[in-house]
Amino acid sequence: MMTFERVIGQETVKRFLTQAFQQNRLAHCYLFFGPEGVGKLATALIFAQALVCESQDRRPCGACRGCKMFQARSHPNVKVIFPHPKSAKETDIQSVLEEIYTQPYTWHSPWAAPTISIDEVRGLRRDLGLSSRGGESRVILFLDAHLMTVEATNALLKTLEEPPELTYFVLISSAPDQLLPTILSRSQHIRFSFLSIQEIADGLAQWTDLPEERRYQIARFAQGSLRRALALAGENVQQLREQAVEMLRTAFRNAPQRALWVSQQVQQYDRRMLIDVLESLLHWLRDAHYLRLGIVRDEQQTWYEDRETLQRFNERFPDFDFETAMTEVDVSIHMLQRYVQPNLVLSVLLNRLKRCEKHAAPEAALRRMVV
Ligand SMILES: [Zn+2]
């Protein structure tokens, strides 16, 4: 039986894979797809270990020769392929590989625009050409498979068209729409979903020593991603929230004050941190909007600590266009993720947030005209 204790949630996926494994109905190529930070890699690693485990019953057993080699990252039949530039140093590649094994929820690429190159797939095809030792399973994981070049994809396709015996591929991707259709049609698709607040709180209990209250506080904030939650665990959530409010205030100040604020932010915080502040702003706007509409969210909602600030904002800007504002913040987050210059993103966002103030709901506009 496969054991998935380390994988948080994803019960449907676990059940499906366990059954396929037990009934010996494994596909040659899987596509694990779904949002970032929900357990695709963690699942793929257990799956790989189970395939090379030599135990007869509980797989992976964690004790046999196969498991030991897997745990030492040295199993000859397990290959983890991940995007990196051609110029990447071997020591960097090794340290990323170590992170992949030890931190499957939070590993990140240190490179700006890495790809999976044709050389990588050629090397793999060469290795696979050698016969597997004594009928043992081989498994190849492709992390961020959508970052495979077209040439690399075509080379991989050749292998998938005539898969070597007992060889299993797992393509992992949070952007499967960027994969070639020919690859998509050759793989069995396994969908991973967002995690529940409870599952994220459980994940935080497993990976951190945070007190329970704070685990739930962060879990509510993590938008279904354990990766987000673990990143937030290292940050002060309340402080992010205050920074978000400060940003909104700045939007209503004059141009030189706004420019000064933007340059301070860009100097002080890296891209990742700025994204966190913007996500925090998104939450704050949603809370203020809900408060105005009179919608009470879950009763554990602790953010209403700053209920007064939310209320004051609504009193001062009764016609604030929350939906447009939230869309603008969302767009800005995406631009930061796509490496657009932070000072440009923040300047544009402040201007647009200010404009949301001038929006008047149709009925309010109508009232004014009548008066
Ligand atoms: Zn084993």
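Visitor: Where is Asp144?
Guide: Asp144 is in the loop between β3 (138-142) and α6 (150-161). Keep in mind that this is a predicted model.

Visitor: OK, and what about phi of Asp144?
Guide: Phi there is near 50 degrees, so to speak on the positive side, and Asp144 is a residue other than glycine.

Visitor: Is Asp144 buried or exposed?
Guide: Asp144 has 21 other C-beta atoms within 10 Å. The cut-off for buried is 20 or more, so Asp144 counts as buried.

Visitor: Now Arg73. What is its phi?
Guide: Arg73 has a positive phi of about 60 degrees, and Arg73 is not a glycine. You'll find Arg73 in the loop between α3 (65-71) and β2 (78-81).

Visitor: How many C-beta atoms are around Arg73?
Guide: There are 14 other C-beta atoms within 10 Å of Arg73, so Arg73 is partly exposed.

Visitor: Switching to helices: at what angle do α13 and α14 pack?
Guide: About 70 degrees, with the axes of α13 (residues 271-293) and α14 (residues 307-316) 9 Å apart. The two helices are therefore roughly perpendicular to each other.

Visitor: Is that crossing left-handed or right-handed?
Guide: Right-handed, as α13 passes α14.

Visitor: Which residues make the contact?
Guide: From α13 you have Asp287, Ala288, Leu291 and Arg292, and from α14 there are Leu310, Gln311, Phe313 and Asn314.

Visitor: How do those residues divide up?
Guide: The contact of α13 with α14 has four nonpolar, two polar and two charged residues.

Technical notes
Residues numbered from 1 in each chain as written. Predicted model: local features only at pLDDT ≥ 70, side-chain atom pairs only at ≥ 80, totals over all residues. Axes fitted to C-alpha atoms, helices over the stretch in contact; angles between N-to-C directions. Helix = DSSP H or I, 4+ residues; strand = E, 2+ residues; numbered from the N terminus. Parallel < 35°, antiparallel > 145°, perpendicular 65-115°, else oblique. Left-handed = near helix turned anticlockwise from the far one by under 90°. Contact = placed C-beta atoms within 7 Å. Nonpolar A, V, L, I, M, F, W, Y, C, P; charged D, E, K, R; others polar. Buried ≥ 20, exposed ≤ 12 C-beta atoms within 10 Å, placed from the backbone.
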